[in-house]
Amino acid sequence: MYRSQASAFTGTPSASAHHTYPGAAPAAALTGAVPSGHLRTLARLLFVRPAVTAVVTSSLAALAVGWWGLDRGSMWREESVTFQAAQRSLPELAQLIGSADAVHGVYYVLMHFVLQLHPGEVMLRLPSVLAVALTAGLVAAIGARLVRARVGLWAGLLYAVTPATGYYATDGSPYALVCAGAAAATWLFLRAVEHGRPRDWCRYGAVVGCTAYLHPLAALLLAAHAVTLLVSWRRISADLWRGWTVAGAAALTALLPLIGLLYGGTGGAGSGEAVSTEAGVGGAEGLFRSFAGPAPLVITAVLLLGCIALNAPLPRTGRISLNTLALPLALVPPALLLATAQTVRPGSVLFALAGVPLLTAAGGERCAAVVRRLLPPGRAPHRAAAALAGAAAVAAACLWQLPQHRAQATAEGRPDDMAAVARLAARELVPGDPVLFLPAEVRRHALTYPAGFAGTKDLALQTPPSASGAPYGKETDAIELRRRLAKVDRVWLLAERGATDAAWNPSSATEAAKLSVINEQFVLRGEFPERSGVLRMYVRRAPERPIDWPAGKPVPVVDPVLEAYDKSRGRGEASGAGSGESGVGSVGAPGVGSGESGVGSVGAPGVGSGEPEVGSAGAPGVGSAGAPGEVELPPLQGH
């Protein structure tokens, strides 16, 4: 059986959680004269129940680290995806999940209700901070259950001060919540293996299933627990195997609807947004540095203590030992991801981080036992000295990595500083200025911080994000974009760094049209670079004046692509006039209905035979003469 409690971090097991503890009298001496009531209850929890002390201390430490960078004053791109999605209505959110981003759908729904309280950056990150605090407490509880309270204290504190933990504690993403769910599932796994009750397996399966809905890769936790059972096979009965199999199968079965959406092509809008590393040896090294801490000294200490724990395993107190739980948890999910994926996002398997501090704390426990044996007889240290010494070592590791924590607490510690781009736009743009975003994903800046782009006109936007079901809205087709650009003499371009280089490959015809028109018909007049992008102002080139052109008469803007398109449309309409139908040529889409104007491809305004037609996104179309008509540009809409 597991040790239910330990006396003052010494590891002396007490008979039961409901019996008198041997350390009760010394604890009273430590606390002094404590008034009756709530203070006495608190003192009893902290001094008589060291496992509770380990859990509370670890949670508070994680809360302090996470609270440090809670308000950075800026979001980065993945946070902006969450922020925009969570502010949509539930029907709009369902459309987004079904068409574009099923991976994070449950998280978006959860954050939808959270941001109803107050839509801001702090509220966006608050669930992650609380989840990390819960995870640190659960790691401490697992260590105390498997070995003793001080091992749980060290493991929980190590988890709390790891830079990777602090990074995701202040990140508006689902990964911290996945870690909390995985730690809770691991705790329930230990209870179920020890007691073998059906209700414990039901709770375990339910928590695994809910966690996998936050992120499907959390299902890899089942593989880690399966390895734990295999390694402990001598103590695992057929009933326990049956209970785990049923619970795991139920969790995976409940996940089938989400898997169907993923294979149906609605992956994650943020899947291309987060920082990823290549799989292979480099990816494994990056994950290890993220889990252990980037400082070489800390990495060396973690490796050394982990090797000590594996070479001299601690005695087990139940069917599962600490090594057989922590090592598969730390290795199996990352190994499976590295073996099957081309790129690795550290947050996807962050839940495996819990195994590293458990192994490190086990190595520290072995070192503490060696130091105790080296002391002269009769000079035994205070019962809490070892626990405090280990906590001091963890604090030293935290101070050693303080620059990393400090960097993560600022906007410079994230891949993007979107607020800086919004401030730049607010300073340079004026209401009515036409704006292009290259690529379309750069529109995230305007959607997240709309005040910086207030009053500007998005030339390429056809349907706003909330109505289109797409994260960044639906853009018009290339022909309509050229028509809109033909009506402006200057345009602002907000682009990602490198998007205007010759080596950049446009992902659509509209993106290619942006580059083509800008390079051929406009010249650069101003450039304002930022870390997250570059804002450029372009003005139209002076058109060449024909030799016989009257003096003083403005030369019209001529776009060769539009001319060729209009001529092709005109030939198509002429050929269809005999049959009483208006159509389109080979370039556009087929016309609709007899006697009605045609409809351009991809929702572009068609060119009718005599009447103006209706273009996409409510913009009036262009008449049959081919001359540009008045186009009402859709205003930039933020959420």
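Predicted model: local features only at pLDDT ≥ 70, side-chain atom pairs only at ≥ 80, totals over all residues.
## Aromatic pairs

Nine aromatic pairs are counted in the model. One of them joins Y107 and Y108 in a tilted arrangement, with 6.5 Å from centre to centre and 45° between the planes. Y107 and Y108 are both buried.

The pair formed by W201 and Y204 is edge-to-face, because the planes of the two rings stand at 80°, where over 60 is required; the ring centres are 5.8 Å apart. Both residues belong to helix α11 (residues 198–214), where they are three residues apart, about one turn of the helix. W201 is buried, as is Y204. Elsewhere, Y167, Y168 and Y175 are linked into a cluster by ring pairs.

## Arginines over rings

Two arginines are placed over aromatic faces. R414 lies over the face of Y167, a member of the tyrosine cluster, at 3.9 Å from the ring centre. R145 lies over the face of W187, and here the distance to the ring centre is 4.9 Å.

In soluble globular proteins, nonpolar side chains tend to be buried together. In this model the largest nonpolar core contains 115 residues. Helix α10 (residues 175–195) is its greatest contributor, giving 13 residues. The residues with the most contacts inside this core include W201 and Y204, the two partners of the edge-to-face pair. F189, V193, W244, L322 and L350 are also among them.

When neighbours within four places in sequence are set aside, L350 is in contact with A164, Y168, Y175, C179 and F291. Two of these contacts, Y168 and Y175, also belong to the tyrosine cluster.

Strand β9 (residues 533–540) is largely enclosed by the rest of the structure, because eight of its eight residues are buried. The burial extends to both faces of the strand. On one side are G533, L535, M537 and V539, and on the other V534, R536, Y538 and R540.

β9 pairs with two strands described here. Strand β7 (residues 490–495) runs antiparallel to β9 and is joined to it by six bridges. Strand β8 (residues 522–530) also pairs with β9 in the antiparallel sense, over eight bridges, and these two strands form a hairpin with two residues between them. L535 of β9 is a bridge partner of L494 and also of F528.

Note on methods: Residues numbered from 1 in each chain as written. Heavy atoms only, no water. Phe/Tyr/Trp six-rings, centres within 6.5 Å; stacked < 30°, edge-to-face > 60°. Buried < 20%, exposed > 50% of the residue type's maximum accessible area, 1.4 Å probe, protein only. Helix = DSSP H or I, 4+ residues; strand = E, 2+ residues; numbered from the N terminus. Lys NZ or Arg CZ within 6 Å of the ring centre and 35° of its normal. Core = buried A, V, L, I, M, F, W, Y, C linked by side-chain atoms within 4.5 Å. Contact = heavy atoms within 4.5 Å. Pairing = 2+ DSSP bridges.
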